[in-house]
Amino acid sequence: MPGRDFLQIPGPTNVPDRVLRAMDRPIVDHRGPEFGSFVRGLLPDVARVFGTQRGHVVIFPTSGTGASEAALVNTLAPGDRVLAFDHGHFANQFTRTASNLGMRVEEVPVDWRRPIPADVVQGVLRGDAGRALRAVLVVHNETSTGVRNDIAAIRRAMDAAGSEALLIVDTVSSLASTEFRFDEWRVDVALTGSQKGLMLPPGLGLLCIGPRALAASERGGSPRSFFDWRPVLRENEAGFFPYTPATLTLYGLRAALDMLFEEGLPNVYARHRRLAGAVRAAARAWELDVYCVEEAACSDTLTAVVTPERVDSADVIRTARERFGLSLGGGLGKVKGTLLRIGHLGALNELEVLATIGGVEMALAESGVPVRLGSGAAAAEQALLAREAVTA
Ligand SMILES: Cc1ncc(COP(=O)(O)O)c(C=O)c1O
């Protein structure tokens with residue numbers, strides 16, 4: 001098919017040409033002085049995106065899943081009790097990773113269509129009489145459902161319960177697209193991958209480590225080797241790594257950060273919010289439900305649309321891919337077959353979103369969903385123009 005493919009899954013996202021060009025360079029000496037000073041300049045800028053001045057950034061050549069394993073093995077030991085939530089596919093995966101590492105996870109079931117209620121968090125922690133829960137695991141933006149959790153509210157609930165547990169947050173599909181305030185929310189570890197808001201190819205796992213998590217890792221943690229962040233932090237001081245880093249991807253990261261700062265982080269977040277609003281307006285025009293039922297908690301980076309009962313969302317996705325070269329996400333875990341996930345994060349503008357909506361609309365119609373052609377696009381256009389009027 002001529003023209004660009006439309007990769008509108010909720011990550012990996014499209015890599016901007018400027019980032020691709022930054023990575024298209026000869027391999028550098030990762031123990032040379034030039035690379036060292038490059039890395040020393042890079043890490044504080046990653047910290048800016050996490051919203052921290054007191055946190056330390058560590059980058060591993062891995063994926064988001066690897067970064068979550070790194071967060072756990074550095075701060076917790078096998079047998080430690082942790083609190084997690086059955087709140088979506090990636091929350092479940094976080095639980096599984098911790099269980100596989102020998103941690104004893106108390107997984108509390110909550111409604112997948114709403115954010116984790118802060119009073120549930122507070123109630124569980126209050127009931128933890130012996131203060132045995134050592135960490136709370138939360139996914140900021142649940143990519144399988146399009147529900148964003150309120151991390152500030154969860155932190156307040158932990159404080160109200162007098163909990164000393166570490167707050168470990170997966171920001172894989174939110175960081176660099178949705179505001180994250182590591183310091184203000186007193187997050188202990190935040191982790192992400194390179195392939196979503198950071199507009200890079202998959203391959204980097206990035207962590208932000210707060211002082212309490214650092215102290216926990218100095219005192220203990222699990223047996224670990226490659227994912228031990230202590231030697232990385234030590235060598236990073238001079239801009240080096242205790243292994244061969246993904247050098248070219250780090251040059252891509254430099255370009256991606258430059259792009260984010262040139263646009264301005266508040267503008268990046270506002271753009272994502274505006275695009276998300278347009279996609280939800282389209283869903284309303286199609287008379288299809290958005291899976292997230294609380295407007296204020298709807299993700300700015302993806303929208304999960306519920307397909308009618310008789311329609312398997314996998315068929316709509318196949319039609320979109322085969323007929324229009326448009327890649328969309330499907331349902332994961334218990335919502336498989338029922339959701340269509342439209343990614344709207346990373347390097348993306350209004351016209352690209354409108355083209356995506358056009359493609360979804362046609363794929364829905366071709367799959368037998370009675371949508372009025374043009375209705376979603378018209379609603380999205382109106383939403384975009386209305387937002388412009390408000391901000392003009
Ligand atoms: C919220 C969330 N957590 C974790 C992961 C796993 O990350 P990775 O696939 O990079 O290992 C993903 C991937 O999409 C995700 O969206």
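**Figure 1. Overview of the protein chain.** Of the 392 residues in the protein chain, 51% are buried (20 or more other C-beta atoms within 10 Å of a residue's own; exposed means 12 or fewer, partly exposed in between, with C-beta atoms placed from the backbone). The model is predicted: local features need pLDDT of at least 70 and side-chain atom pairs count only at pLDDT 80 or more, while totals for chains, interfaces and linings use all residues. Residues are numbered from 1 along each chain as its sequence is written. The chain holds 13 helices and 14 strands (DSSP runs numbered from the N terminus; helices are H or I, at least four residues, and strands are E, at least two). The C-alpha trace spans about 60 × 55 × 40 Å along its principal axes.

Figure 2. The bond from glycine 11 to proline 12 is cis, and its omega is near 0°. Proline 12 sits in the loop that runs between β1 (6-7) and α1 (17-23).

**Figure 3. Arginine 186 in the loop between β8 and β9.** This loop joins β8 (166-170) and β9 (189-193). Arginine 186 is not a glycine, yet its phi is positive, at about 50°. Arginine 186 counts as partly exposed because it has 18 C-beta neighbours inside 10 Å.

**Figure 4. Glutamate 287 in the loop between α10 and β11.** Glutamate 287 has a phi near 60°, a positive value in a residue other than glycine. There are 12 other C-beta atoms within 10 Å, so glutamate 287 is exposed.
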